[in-house]
Amino acid sequence: MNKNYGSQSMIAPLRKVLVKRPDKYFGNADPAKWHYTSRPNLTVARKEHDTFVSLLRQAGADVIYHDEPQPNQADALYVFDPVIITDQGAVILRMGKDLRRGEEIPMARCLEALGIPVYYSLHGQALAEGGDLLWLDYDTLAVGLGFRTNAEGLRQLKEALSRLDVNVMPVELPYFTGPDACLHLLSLISIVDHNMAVIYKPLLSVPFWEYLKAHGFQFIEVPEEEFKTMGPNVLATAPGNCIMLEGNPITRKRLEKAGCRVSTYSGKEISLKAEGGPTCLTRPILRD
C-alpha cells in the first residue's frame with residue numbers, strides 16, 4: 001500500500017484527512033437555493049468547524065485544508081463528495097446535485113498538489129457522489145443508486161475499480177422526500193467497527209440489510225427522532241472510535257453500550273442547516 005494515500009475503508013485508523021473551512025460562499029448561501037434550513041452564521045460555523053478539526057487531530061489524524069476559493073460553491077465545505085481515494089489514486093466523481101457541479105476540478109488540483117494522482121475521472125452522463133459510496137471492506141464498495149448517483153456512474157465505477165479487484169455492489173435508495181433533499185446511502189448507514197454498522201432501518205434497502213446481516217454485521221439502530229438530526233452519520237477515526245453530531249443521545253448510548261468510544265461536536269451551522277454530518281465534512285486521504 002502507498003504510504004501517502006489510500007482509503008479503501010470506513011474504519012481503518014485515519015492518518016490523513018482533507019477538510020475545507022467554512023468560507024464566505026457558505027456564509028452567504030441562499031437557503032432556498034441550496035436547500036438549507038436557514039442562512040448559516042459564518043462566525044459560529046467557523047468555530048464549530050475548528051472544534052471539529054480539533055477532534056480529528058486528537059484522534060491522531062494529520063489535517064490538511066482544501067483552501068482553493070470556489071466562488072458560489074456553498075456545499076464545497078463537504079469535501080467527502082467529489083472524490084474517493086483508492087490505493088492507486090483518486091477517482092474524481094461527477095456531482096449529482098447541479099449546483100455542486102464544478103467542485104471536482106479544484107479537488108483534483110488539490111489532490112495532485114499533495115502528490116495523489118488521478119486514477120480515473122467519471123465522465124459523460126455519469127453521476128456519483130461520495131455520500132453514496134460505502135466501503136464495506138477493503139475489496140467491496142457499496143454504491144447507493146438514487147438522485148445523486150445514477151446507473152452510468154455505477155457502470156464507470158465498476159469499470160475503474162475492477163482493475164483494483166474491488167467488487168462494486170449497487171444499493172437502491174428510496175424516493176423519501178424527493179430530488180431536492182440530500183439522501184445519500186451514508187444518510188442511512190455508517191460503519192463504525194469491524195462488522196458493526198449504525199443504521200436507520202426504516203429506509204434501508206431490504207436486500208442490502210439482508211446482505212449485511214448474512215455477512216455478520218451487528219446493527220446499532222437509530223430512532224426516528226434522531227434520524228432527523230443525522231444520527232446515522234457517524235465518522236469512525238479507528239475501529240470503535242467515533243465522532244458524531246451532538247444531540248443524538250440515544251444513538252450515542254447504544255454505540256457506547258456496544259463498546260465504541262464516542263466524541264461529539266456542535267454542528268448547528270455546519271451540519272444541521274445544510275445536511276452534512278461529520279463524514280461529509282471530511283475526505284479521508286490515508287487510512288491504514
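1. Buried, in this note, means under 20% relative accessible area, exposed means over 50%, and partly exposed lies in between, with a 1.4 Å probe and protein chains only. By that scale Arg101 is partly exposed, with a relative accessible area of 28%, whereas Asp98 is exposed at 62%. This is a predicted model, in which local features need pLDDT of at least 70 and side-chain atom pairs count only at pLDDT 80 or more, while totals for chains, interfaces and linings use all residues. Residues are numbered from 1 along each chain as its sequence is written, and side-chain values use heavy atoms, with hydrogens and water left out.

2. On charged pairs, a salt bridge is a side-chain nitrogen of Lys or Arg within 4 Å of a carboxyl oxygen of Asp or Glu, and by this rule the count comes to 13. One of them joins the side chains of Asp98 and Arg101, at 3.3 Å from N to O. Another joins Glu103 and Arg100, at 2.7 Å from N to O; Glu103 is buried at 2% relative accessibility, and Arg100 is likewise buried at 2%.

3. Glu129 and Arg148 form a salt bridge of 3.1 Å, N to O. This pair links distant parts of the chain, 19 residues apart, with Glu129 in the loop between β5 (118–121) and β6 (133–137) and Arg148 in the loop between β7 (140–145) and α5 (151–162); helices (H or I, at least four residues) and strands (E, at least two) are DSSP runs, numbered from the N terminus. Both Glu129 and Arg148 are buried.

4. Strands β9, β10 and β11 form an open sheet in that order, with mixed pairing, where two strands pair if DSSP finds at least two bridges between them. Because β9 (189–193) and β11 (218–221) stand at the edges, each with a single partner strand, one side of each is left without a neighbour in the sheet. From one strand to the next the twist averages 30 degrees. Strands β9 and β10 (residues 196–199) run antiparallel and are joined by four bridges, and Ser190 stands opposite Val198 in β10.

5. Helix α6 (residues 206–214) touches β9, β10 and β11, and its direction makes about 130 degrees with that of β11. Helix α8 (residues 249–257) also touches β9, β10 and β11, at about 155 degrees to β11; contact means heavy atoms within 4.5 Å.

6. Among the aromatic residues, rings of Phe, Tyr and Trp (its six-membered ring) pair if their centres lie within 6.5 Å, and planes under 30 degrees apart count as stacked, over 60 as edge-to-face and the rest as tilted. The structure holds seven such pairs. Phe176 and Phe227 are edge-to-face, 5.8 Å centre to centre with 70 degrees between the planes, and they link the loop between β8 (167–172) and β9 to helix α7 (residues 224–227), 51 residues apart. Phe176 is partly exposed at 43% relative accessibility, whereas Phe227 is buried at 14%. Tyr200 and Phe227 are stacked, 4.1 Å centre to centre with 10 degrees between the planes.

Methods: Axes are lines fitted to C-alpha atoms, for helices over the stretch in contact, and angles run from 0 to 180 degrees between N-to-C directions.
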